[in-house]
Amino acid sequence: MSAPHVVVVGGGLAGLSAAVACQDAGVRVTLLEARARLGGATWSARMRGLTVDNGQHVFMRCCVAYRGFLERLGVADRVLLQRRLAVPVLTPGGPASWIRRAPLPAPAQLAPSLLRFAPLAFAERLRAAVTVRRLGALDPDDRALDGERLGDWLRANGESERSIDCFWDLLIRPTLNLSARDASLALAVKVLKTGFLTEADGADIGYAEVPLQELHAEPAEAILRRGGGEVRVRSRVSEIEPATAARGPVLRVGAERIEADAVIVAVPHADAASLLPAGGKLDPSGLEALGVSPILNLHVVFERAITDLPFFAALGSPLQWVFDRTRAAGPPRGQYLAVSLSASDEYEGHSLEELRARFLPAFEALLPAARGVRVLDFFATREPAATFRQAPGTRALRPGPDVGLPGLNLAGAWTDTGWPATMEGAVRSGQAAARAALASCTRHRRSACPS
């Protein structure tokens, strides 16, 4: 009997991790991606003389599934992981503050830098330290917490509006792609406890030193092809027929029918809602209710270097997080800085000239070395549906891998991984879906055997 056949629909991190896990287990894998490239929400392209990532994706030391996936791909040496958390925070006209990890056990490791955090008054720093301890007592799996906004909880616990904007938003907005005022309390607790309050080194920051295409898509595709898997781009699945007693699910790609023992659907939630066959336990309207939250990325090439920081966060500025991507992107000259603007709803519809007028003066306000330096290029990439909207009430809407149909499973950072919509969540979802698909293959093969 030939090896079971698993078809993975979607070539993002969830789909790639699912496909590699299935192939490692000895099944035959076909990966179908509708677009012309793999990578999903972590893609790279050649633009205007640069190799540009669609956005700056970071991870933390606590992201063990993602880091393990990098090891499996053989690319762990292509990322930088801080030996000890150190985040410079710049404000216009003021000295840099730092969020640093001290050589202390969790959760005390951040206390020294928090007590010196200049954007807050000393009383606000003390209050924040107390609030951190209170957050540490909450359980992120308490579903009641998902009915509450973090901002409301912070106010009820004595946090000032300035503290919410200058400290809590700095931690929450880039991880949940939503402001601290609006984010789910449960997801915020998950981020804070896992990253900052459980292990002292959990929040050490890592990021790619090469274009994302070289980190995820290319090595994963190479592994699949070497193992006999089939990888097909520009292959949009239009329909999935559910399994019957005689066969597994069937997919339609154009006029082609592809039979499988199991299917993993690893596409954005809005696409999954329209692709899943009827008869399962999922309500498509529930997936649509997850909503979306955008990310805007700005790409700026200065004629010469204006900062020697590899990255920094900004307060009192329209800039949020800025990364030096000169080495990875390879501009002919100058310094290339990538700006990541999470929860960027306010900039939807803004023209490039409007963005330029808004953000270039912000560089000069933060970095004196930028004043008078010619800008060689300025452009934007937009991800209008970068993540689901991680607001209160979403926990109940996030399904697990089982959709209630034989041989059909879900993956994606939007599924119920217990994590927010991050690269870690995507990999965890892919691995969970792979386990479910492999178990489904075993059941299907047993039921197909004559008694």
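This is a predicted model: local features need pLDDT of at least 70, side-chain atom pairs count only at pLDDT 80 or more; totals for chains, interfaces and linings use all residues.

Student: Which residue of strand 18 is the bridge partner of Asp 324?

Tutor: That's Leu 337.

Student: OK, and what's the strand order in the open sheet?

Tutor: It goes 8-7-16-17-18-15-19, seven strands with mixed pairing. Strand 8 (97-100) and strand 19 (375-387) are at the edges; each has a single partner strand, so one side of each has no neighbour in the sheet.

Student: How much are neighbouring strands turned against each other?

Tutor: On average by 25°, ignoring direction.

Student: What lies across strand 19?

Tutor: Helix 12 (residues 352-366) does, running at about 110° to strand 19. Helix 12 also lies across strand 7 (86-90), strand 15 (293-302), strand 16 (311-314), strand 17 and strand 18.

Student: Switching to helix packing: at what angle do helix 1 and helix 8 pack?

Tutor: Helix 1 (residues 13-24) packs at about 25° to helix 8 (residues 212-226), and their axes are 10 Å apart. Angles under 35 degrees count as roughly parallel, so helix 1 is roughly parallel to helix 8.

Student: Is their crossing left-handed or right-handed?

Tutor: Left-handed. Helix 1 makes the contact with Leu 13, Leu 16, Ala 19, Val 20 and Gln 23, while helix 8 uses His 216, Ala 217, Ala 220, Ile 223 and Leu 224.

Student: How does that contact split by class?

Tutor: Eight residues are nonpolar, two are polar and none is charged.

Conventions
Residues are numbered from 1 along each chain as its sequence is written. Side-chain values use heavy atoms; hydrogens and water are left out. Axes are lines fitted to C-alpha atoms, for helices over the stretch in contact, and angles run from 0 to 180 degrees between N-to-C directions. Helices (H or I, at least four residues) and strands (E, at least two) are DSSP runs, numbered from the N terminus. Angles under 35 degrees count as roughly parallel, over 145 as roughly antiparallel, 65 to 115 as roughly perpendicular and the rest as oblique. A crossing is left-handed if the near helix is turned anticlockwise from the far one by less than a right angle, and right-handed if clockwise. Contact means heavy atoms within 4.5 Å. Ala, Val, Leu, Ile, Met, Phe, Trp, Tyr, Cys and Pro count as nonpolar, Asp, Glu, Lys and Arg as charged, and the others, Gly among them, as polar. Two strands pair if DSSP finds at least two bridges between them.
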